[in-house]
Amino acid sequence: MPAANDRPLALQVRDLGVRLTSGARPLLEGVSFDLARGASLGVVGPSGAGKTTLALALMGLLPRHAAVTPGATLRLGTTPLHDASPETRRLVRGRRMAMVFQEPMLALHPALSVQEQVAEVGIVHGLPPETALRRALDQLARVGLVPAATFGARRPHELSGGQRQRVLLAMAMFLEPEVLIADEPTTALDPALQREVLDQIDALRRNAGTALILISHDPDVIRERCDTVLHLRDGRPIAPEGPGAGGARPSPVTRLSVGRAATTTTPGPSATEPAAQVLLEVRDLVVRYTGPSASGDSATAAVDGVSFTLARGETLGLIGPSGAGKSTLTHALVRLLPVAGGSIHFDGTDLSAIRGEPLRRLRRRLQLVAQDAGASLTPHLTAETLVAEGLEVHGLARGSDARRRARTLLDEVGLPARAAAARPRELSSGERQRVALARALAPAPDLLVCDEPWAALDPDRRDAILALLDDLRARHGLALLVISHDHDAVHRLASRVLPMYLGRVAAVPHAAATT
Amino acid sequence: MTARLPRGALVVLGAMLAAAALAPWLAPYAPSAQLDPATLAWRPPSLAHPLGTDSFSRDVLSRMLHGARSTLGVAVLAVAVSLTLGTLVGALAATARGGIDALLMRLTDALLAMPRLLLLLLVVAGAGTLDLAPLALVLGATGWMTTARLVRQETARLLATEHLRGARVLGVPWPRLLRRHVLPGLAPTLAVAATAAFAAAVPLESGLSYLGLGVRTPLSSWGNLLADAESLPLQHWWLILFPTLAIATTVLAANRLAEAIADGMQRDVDEGTR
């Protein structure tokens, strides 16, 4: 690593391993690397490879049932961290080493304003509260949340996924740490914002001389942003394959993109069957947030006059930048949010007109894979129990039969056999997303609403999921509403794509395919 | 829940409960046997009677062991009653929301505003003498309010989580939603409520029995043992010291345990594992 010779080291890692205290297989082993000050390291690997585990081990944030194996060396600058006390680790965290998490909703405090949360980082490391609060606003402006005073007063649930991610970035860079670990920092963002946020990370880093560890399953991002790459598979670093193996930009990255392009899907049947039966009809839909809110514009319509139809067996894509109201729309569609105006008809039934048992029965046919799929799984239940529940509550199967079918579904979404008995926190975020998908598919719905269904998946896995969904659509007439900022994936899967912007559908294409 | 439980508190509580359960086998004498009123009354601790004897020449150790049965038995039963009532009220309030929530919580507040001892005295005075089971019922019926508030708070929090929304979208019916997705999440809260309620019930039973309103002779309880010394407490110090020690260590241990469980919950929240 040439850079290491010229510049002092920000981080030195030797033979880092992590295993469960229960003594099962190691989650991570034999990871070694040097990171020079201001340099950047990309970490890539399929979901479940140990990328997040590595980040948590570096931060000293491993859950209590996991521990770093003895013999590992971890040095931040000249400070040894592998044998540091919890108090030393705490003082280092936030000030010298910071992290941007994968699921921003889980990493933010739901009851505190954004400004307070950013300021908190400074306060716990000794800044006077007034100074910290003032600087928090500057920091919010620096990550593009302007006007900062308006955003600063909001609480996390009043922000879009992308905005939350930027709040986390503002917190992480608040004290200009020596090392920034970003765990899939841009999966929730649309491409334009993704670039913007990554540029922001780079700009903030340049000023502060911060070294970056960037975890991503997006090979393009890693290739573009990182000096060196660490490949992980099953918890072990693997040597880059192919002819360019010695270089800093190894070939598996390119191999993955080729593999991705090779899979092609045919357009949905609705393009060729204009008489297809309408399953979902949305007319002039308005959804407002009306909860008690710190900000003045609490009654703003997050969805403002959206209309579209979706036929059986059709795939409709919904794309739009972060904050366009995509997630709000999905929540209204599955009756998690009340409708303020307009109507939603599902197979002829007015969704806002039914409640109680009829609504519950209808839910079998109308399933959602939420954006924060991991958070949507009940933490104390195993994957198998969670998936079987969808069968049981709708009387489709019981007991051992339901569990057997749940295991089949988990297998179909590409999860290893061990996942069935695992609780959500024992799974990686990509694995949790697939559990959520398996659960949504269990009751054999007519319509599946997927909010960023592949956000946490690596390209191989994403292709498999796309193929599975397309197969279900073709064979069982499953209708899909796919929400994403990934234009490429949406266009491959969907026969029609609706662009959404600021709560409105920008242009409504007619029944004929427009892609 | 991954609380680190305090070993000392667990040993104390375990020993007390074991002593209560095994009293008939551990006690050297029958609890109400008057051994020899002429020569053996008011004896300070000795080898034959490690905790001394009382005015009727009864062995205090034997009475303490049997007293643990009534005191702890009443406390455990009272906890079961208050936990059941409190969970029902709290969960109902959080689930129903609106008017029912307001009604139940204002009722809870009103009851909480009255001193519990006064409530107890009213009931006991109205009912006259009470057996152990009715006494426990009354203790439970006046002690569910804190549990109800804790349970309401925690249920409301759980109902607002993403995973509850996930289960609702799946079409999980309400009873099952509460039983499988909410109740297990309540377990740590209930553990805190139970230990805290136990710590409150022990001195209450003792207080009532000391006043002659709870457990009455010939049955013994830690509270009515204290009453045996009332004529000359300083001269007959062993009649005061040992029951008081038993009550104090039990309450301290239960409070310590409640605190440790609450700390464990907080750690789980901090680590995001709940």
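Two residues are in contact here if their C-beta atoms, placed from the backbone, lie within 7 Å. Keep that in mind as we walk through this predicted model, because the cut-off decides which residues count as meeting each other.

Helix H5 (residues 114–124) and helix H6 (residues 129–142) of chain A pack with their axes 8 Å apart, at an angle of about 120°. H5(A) and H6(A) are therefore oblique to each other, and their crossing is right-handed. Who actually touches whom? On the H5(A) side you'll find Val114(A), Gln115(A), Val118(A), Ala119(A), Gly122(A) and Ile123(A). They meet Pro129(A), Ala132(A), Leu133(A), Arg135(A), Ala136(A), Leu137(A), Gln139(A) and Leu140(A) of H6(A). Sorted by class, this contact of H5(A) with H6(A) has 10 nonpolar residues, 3 polar and 1 charged.

Now step back to chain A as a whole. Its secondary structure comes to 18 helices and 21 strands, and 50% of its 515 residues count as buried. If you take the contacts in chain A with a separation of 6 or more, 72% of them join residues 24 or more positions apart.

One is strand E7 (residues 97–100) of chain A, which pairs with E8(A) in the parallel sense over 4 bridges. Another is strand E9 (residues 211–215) of chain A, again parallel to E8(A), this time over 5 bridges.

All 8 of its 8 residues are buried, so H12(A) is largely enclosed by the rest of the structure. The buried residues are Lys326(A), Ser327(A), Thr328(A), Leu329(A), Thr330(A), His331(A), Ala332(A) and Leu333(A). Just after H12(A) comes Arg335(A), which takes a positive phi of about 60°.

Next, over to chain B, starting with Thr71(B). This residue lies in helix H3 (residues 60–96) of chain B. Is Thr71(B) buried or exposed? It has 32 C-beta neighbours inside 10 Å, so Thr71(B) counts as buried; the cut-off for that label is 20 or more. Setting aside neighbours within four places in sequence, Thr71(B) is in contact with Val202(B), Glu205(B), Ser206(B), Ser221(B), Trp222(B) and Gly223(B). Ser221(B) sits 150 residues away along the chain, yet the C-alpha atoms of Thr71(B) and Ser221(B) are separated by 5.5 Å.

Finally, look at where the chains come together. The contact takes 24 residues from chain A and 19 residues from chain B. On the side of chain B that touches chain A, helix H8 (162–170) and helix H9 (174–210) of chain B are the elements that give two or more residues. The largest share of that side, 7 residues, comes from H8(B). By class, the side of chain B that touches chain A has 6 nonpolar, 8 polar and 5 charged residues.

Notes:
Residues numbered from 1 in each chain as written. Chains lettered and ligands numbered in written order. Predicted model: local features only at pLDDT ≥ 70, side-chain atom pairs only at ≥ 80, totals over all residues. Nonpolar A, V, L, I, M, F, W, Y, C, P; charged D, E, K, R; others polar. Buried ≥ 20, exposed ≤ 12 C-beta atoms within 10 Å, placed from the backbone. Pairing = 2+ DSSP bridges. Axes fitted to C-alpha atoms, helices over the stretch in contact; angles between N-to-C directions. Parallel < 35°, antiparallel > 145°, perpendicular 65-115°, else oblique. Left-handed = near helix turned anticlockwise from the far one by under 90°.
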